[in-house]
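Biologist: I would like to know how labels get attached to parts of a protein model. Can we go through some of them one by one?

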Amino acid sequence: MIPQKNQFSEVDEWDEPEEVIRVYSKEEIVALRQSDATKYRALSPWKIILAQVLVTAISMVFWSFFGESVRVSVYTQSAFLGGLISVLPTTLFLIRLELAKKSQRLNPGRFLAALVSGEFIKIVATLMLFVGIAYYVPGVLWVPLLVTYLLVLKCVWLAWLWR
């Protein structure tokens with residue numbers, strides 16, 4: 001004989017009741033989104049690119065105080081390159097996804113392939129930019145470059161707060 005669950009014991013007060021999960025239909029989801037459109041508005045990835053460009057410009061202005069006052073300093077150029085290392089690959093990634101969305105036969109498999117290939121393009125472009133700047137830009141200052149690069153990368157994380 002196989003004992004059944006809780007055959008010999010009473011209901012324990014520590015047992016949690018099971019939650020009932022309701023599955024919504026597509027029409028119900030659309031109706032919920034339309035009822036409170038401000039809560040469910042979509043954030044454009046191009047706004048993130050714009051924010052990255054603005055953060056790069058702000059960082060360039062900040063780092064310009066450390067250089068010569070007459071012309072563009074090495075600090076400002078390094079901050080620009082740090083922003084470029086982040087903005088350019090992200091833009092390439094978004095262009096890849098936009099091209100995939102405009103495809104006539106968009107299915108989940110093709111979109112996933114576009115997502116993975118876009119991320120691969122982004123990683124390769126970032127590495128190429130870092131290596132290219134290290135070899136071909138003499139006198140680059142790494143502190144302003146890396147600080148700007150990290151600040152611009154964090155724009156993607158802050159995008160969730162803008163919703």
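Modeller: What follows is a set of questions on rings, charges and a pocket in this predicted model.

Biologist: How many aromatic pairs does a search of the whole structure find?

Modeller: It finds six aromatic pairs.

Biologist: Why is the pair of Trp63 and Tyr75 called stacked?

Modeller: The ring centres of Trp63 and Tyr75 lie 6.3 Å apart. Rings pair if their centres lie within 6.5 Å. The planes of these two rings are at 5 degrees. Planes under 30 degrees apart count as stacked, so Trp63 and Tyr75 are a stacked pair.

Biologist: What makes this pair a tie between parts of the chain?

Modeller: Trp63 lies in helix H2 and Tyr75 in helix H3, so the pair ties together parts that are 12 residues apart in sequence.

Biologist: Why is the pair of Phe66 and Tyr75 called tilted?

Modeller: The planes of Phe66 and Tyr75 are at 40 degrees. Stacked needs under 30 degrees and edge-to-face over 60, so this pair is tilted. The centres of the two rings are 5.9 Å apart. Ring pairs also link Phe62, Trp63, Phe66 and Tyr75 into a cluster.

Biologist: How do you know that the charged end of Lys122 sits over the ring of Phe93?

Modeller: The charged end of Lys122 is 5.6 Å from the centre of the Phe93 ring. The distance limit is within 6 Å, and the charge must also be within 35 degrees of the ring normal. Lys122 is listed as sitting over the ring of Phe93.

Biologist: What makes Arg22 and Glu28 a salt bridge?

Modeller: Side chains of opposite charge can pair when their charged atoms come close. Arg22 and Glu28 meet at 2.7 Å, N to O. The cut-off is within 4 Å, so they form a salt bridge.

Biologist: Why is the contact between Glu98 and Lys101 called a salt bridge?

Modeller: Glu98 and Lys101 meet at 3.9 Å, N to O. That is within 4 Å, so the label holds. Being three residues apart in helix H3, Glu98 and Lys101 are separated by about one helical turn.

Biologist: Which element gives the most to the lining of the largest pocket?

Modeller: The largest pocket has a volume of about 290 Å³. H5 gives the most to its lining, with four residues.

Methods:
Residues numbered from 1 in each chain as written. Predicted model: local features only at pLDDT ≥ 70, side-chain atom pairs only at ≥ 80, totals over all residues. Heavy atoms only, no water. Helix = DSSP H or I, 4+ residues; strand = E, 2+ residues; numbered from the N terminus. 1 Å grid on protein atoms, 1.4 Å probe; cavity = no way out; pocket = protein on both sides within 12 Å on 5 of 7 lines; lining within 4 Å. Points joined across faces, edges and corners; volume = space filled by probe spheres on them. Salt bridge = Lys/Arg side-chain N within 4 Å of Asp/Glu carboxyl O.
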